[in-house]
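Here is a short briefing to read alongside the structure. Have the sequence and the model open, and we can go through a few spots together.

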Amino acid sequence: MSDEKLIIRCRENGPLVLPAKFQIVDHLGNAFLLPEGKENVALCRCGASKNKPFCDGSHKAYSFQAAETAPAPPPAS
Ligand code: FES
């Protein structure tokens with residue numbers, strides 16, 4: 001396994017986007033098929049997608065608001 005950290009990007013007012021190098025399973029442990037040929041996958045965080053856990057773009061019609069930014073790192077001591 002790579003030591004490289006997985007980066008999940010929070011899109012402004014949109015989904016969580018991450019490289020398509022993972023497996024996502026339902027509550028029974030069954031795997032969802034990831035979209036083929038895509039470098040990245042968008043996961044819904046607005047709750048409006050009709051294709052959960054994936055984003056289907058519904059966040060735009062839903063006017064989903066999520067533009068939080070990460071807190072500043074603590075000052076070095
Ligand atoms: S974040 Fe895109 S449909 Fe929910």
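Is Cys55 buried, partly exposed or exposed? Cys55 is partly exposed, because its relative accessible area is 23%, and buried would require under 20%. Please keep in mind that this is a predicted model.

**Cysteines**
- The structure holds zero disulfides.
- For Cys10, the closest cysteine sulfur is that of Cys55, and the two sulfurs are 13 Å apart, so they are too far from each other for a bond; a disulfide would need them within 2.5 Å.
- Cys10 is exposed, with a relative accessible area of 53%.

**Ser49 and its surroundings**
- You will find Ser49 in the loop that runs between β3 (40-43) and α1 (58-62).
- Ser49 has a relative accessible area of 3%, so this residue is buried.
- A polar atom of the Ser49 side chain lies 2.9 Å from the backbone nitrogen of Asn51.
- Setting aside neighbours within four places in sequence, the contacts of Ser49 are Cys44, Phe54, Cys55, Asp56 and Ser58.

**Strands β2 and β3**
- β2 (residues 16-19) pairs with β3 in the antiparallel sense, over four bridges.
- Within this pairing, Val17 stands opposite Ala42 of β3.
- In a regular strand, side chains alternate between the two faces of the sheet.

How values were computed:
Residues are numbered from 1 along each chain as its sequence is written. This is a predicted model: local features need pLDDT of at least 70, side-chain atom pairs count only at pLDDT 80 or more; totals for chains, interfaces and linings use all residues. Side-chain values use heavy atoms; hydrogens and water are left out. Helices (H or I, at least four residues) and strands (E, at least two) are DSSP runs, numbered from the N terminus. Buried means under 20% relative accessible area, exposed over 50%, partly exposed in between (1.4 Å probe, protein chains only). A polar contact is a pair of N or O atoms within 3.5 Å; within protein, one must be able to donate a hydrogen and the other to accept it, and residues adjacent in sequence count only if both atoms are side-chain atoms. Contact means heavy atoms within 4.5 Å. Two strands pair if DSSP finds at least two bridges between them.
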